[in-house]
Amino acid sequence: MVAPFAARVVIEALEAAGFEAWIVGGWVRDALRGESGHDIDVTSNALWQESARVLSNAGYEVLLSGIAHGTITAIVADEPIEVTTYRVEGTYSDHRHPDEVRFVQDVREDLVRRDLTFNAMAWHPTRGLLDPFGGAQDLAAGIVRVVGEPQKRFEEDALRIIRAVRFSLRLGFVVEPRTQRALEVCAPSLAEVASERLGKELDAIVRMGKAGCGLMDQPEVMCAAIPELAPSRGFDQRSVYHVYDVYEHIAHVCNAVEAFTAGLAPAELRWAALLHDVAKPMTYSEDADGHGHFFDHPRQGAIVAREVMRRLAIPHELVDAACVLIRWHDERMPATEPAIRRMLARLYAACPGREVPLAFELFDLRRADAVSKCASAASWASELDKYARLLRAEVARGPVFATRHLAVSGADVMRTCGVAPGPAVGMQLEMLLRAVMAGELPNDRELLVAWLAGSL
Ligand code: ATP
Ligand code: MG
């Protein structure tokens, strides 16, 4: 392992001034795995004032980026290096914030407060690896293990629960049995984590395309993180079209979305897959034959999904896009041009300017939905190819779903029909748009002008 130049410079400067310093955290973990892109955190027994003095005397720009927790950032060769004082955390009476942060002299004390064995290693350009909890071995064996007694560590800070799950999903690691038991026992305390911190972790899981695996591997944790998903667990759909319960179906859809997009699904499609059927349990009804129905679940689902994502502080544009996909994921539509245009208009109304990519995403969601029901429903996925073909043709022609897409303007209406500016102009354009969208008239200027002239 070779420490990046900027990190070596910072460590050398601090140690030349009589302090001790190590690289810690994510860089060490990822470098041991052969990945070198991680940002670099340095930890030192120097207090932040001392680090700031030493590094600015050495000629580097120093930002007081987090002095409340003992952190400064030095900019070396354009690279930011965070330097934090060795510290331990006091008790956590609220499961979120340590009651006190205390600076210490021994790096091992700093490492013992860290969450997972492979996140609790330090590395030094000449002293090498300091790995008191067997992090390198766990990394090689593919094991997620908490430092210390798992239940106690999760009780101290419940965010560690979802972090452990995130790392197991990101790295494809199994969770060591004691840590796993503690995850399940402590999952309910996720309710006490600040929802935006929880949202960051969940968003990371969703954006990795790992929400489906998360649902399958860690149902207690995922349902505690998003309580709205809990009722779908084991919820029998009583439908010949579904071989899975609602929760399993959701997990399959999340995975199928990845399969259909080669693992490159946009974030809103991933979020939509995770929450598309969230309202199924609450909209369930049974007919006289005992078949289950979920009338209105897409509309209700979009409402619930918006609440969930807002609470988790997911960015607005992402929420709008995911919710419009959820809203229309189950809409019956014929494979015709007018139907494609109506759909573009709906997507445009929710997310102006993003209607075309969202339409393709909607087809991916519907394909993923179809292959996650039953064998006979899966053939529907190939039907969706017709929609995608029609959409591509519409995009190639220039889609027509708003009056501004018409080949004639308000000025043409006024001139041809001899009407004055006012609502009548808009009404004429709306009539034209309806006719063009329905395929009754081509979007051709001459023909439209003729139609206007004849319509008087
Ligand atoms: P990522 O690539 O996800 O950023 P990271 O390891 O850098 O991975 P951070 O969240 O940036 O993760 O945290 C940096 C380090 O701080 C971690 O490696 C871990 O040692 C420690 N850490 C972070 N959050 C906690 C926590 N809640 N409890 C204990 N230690 C933590
Ligand atoms: Mg980090």
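This is a predicted model: local features need pLDDT of at least 70, side-chain atom pairs count only at pLDDT 80 or more; totals for chains, interfaces and linings use all residues.
Three helices, α10 (211–217), α12 (246–260) and α13 (267–275), each supply at least two residues of the lining of the largest cavity, helices here being DSSP runs of H or I with at least four residues, numbered from the N terminus. By a cavity I mean a set of points, on a 1 Å grid over the protein atoms alone, where a 1.4 Å probe fits but cannot get out, and lining residues are those with an atom within 4 Å of a point.

Residues are numbered from 1 along each chain as its sequence is written, and side-chain values use heavy atoms, with hydrogens and water left out.

The count comes to one cavity of 30 Å³ or more, and the largest cavity holds about 40 Å³ of space, a volume being the space filled by probe spheres set on grid points joined across faces, edges and corners. Helix α12 gives the largest share of the lining, three residues, and among the residues that line the cavity are Val 206, Lys 210, Cys 254, Glu 258 and Arg 270.

Where does the largest cavity lie? Because domain 2 (155–225) and domain 3 (230–401) both give residues to its lining, the largest cavity lies between them, with the domain bounds coming from an automatic or database domain assignment.

Elsewhere, Met 282 lies in helix α14 (residues 280–283), and Met 282 and Gly 301 are 19 residues apart in sequence and 9.4 Å apart in space, C-alpha to C-alpha.

Methods
Chains are lettered from A and ligands numbered from 1 in the order in which they are written. On a 1 Å grid over the protein atoms alone, a cavity is a set of points where a 1.4 Å probe fits but cannot get out, and a pocket is an open set with protein on both sides within 12 Å along at least five of seven lines; lining residues have an atom within 4 Å of a point.
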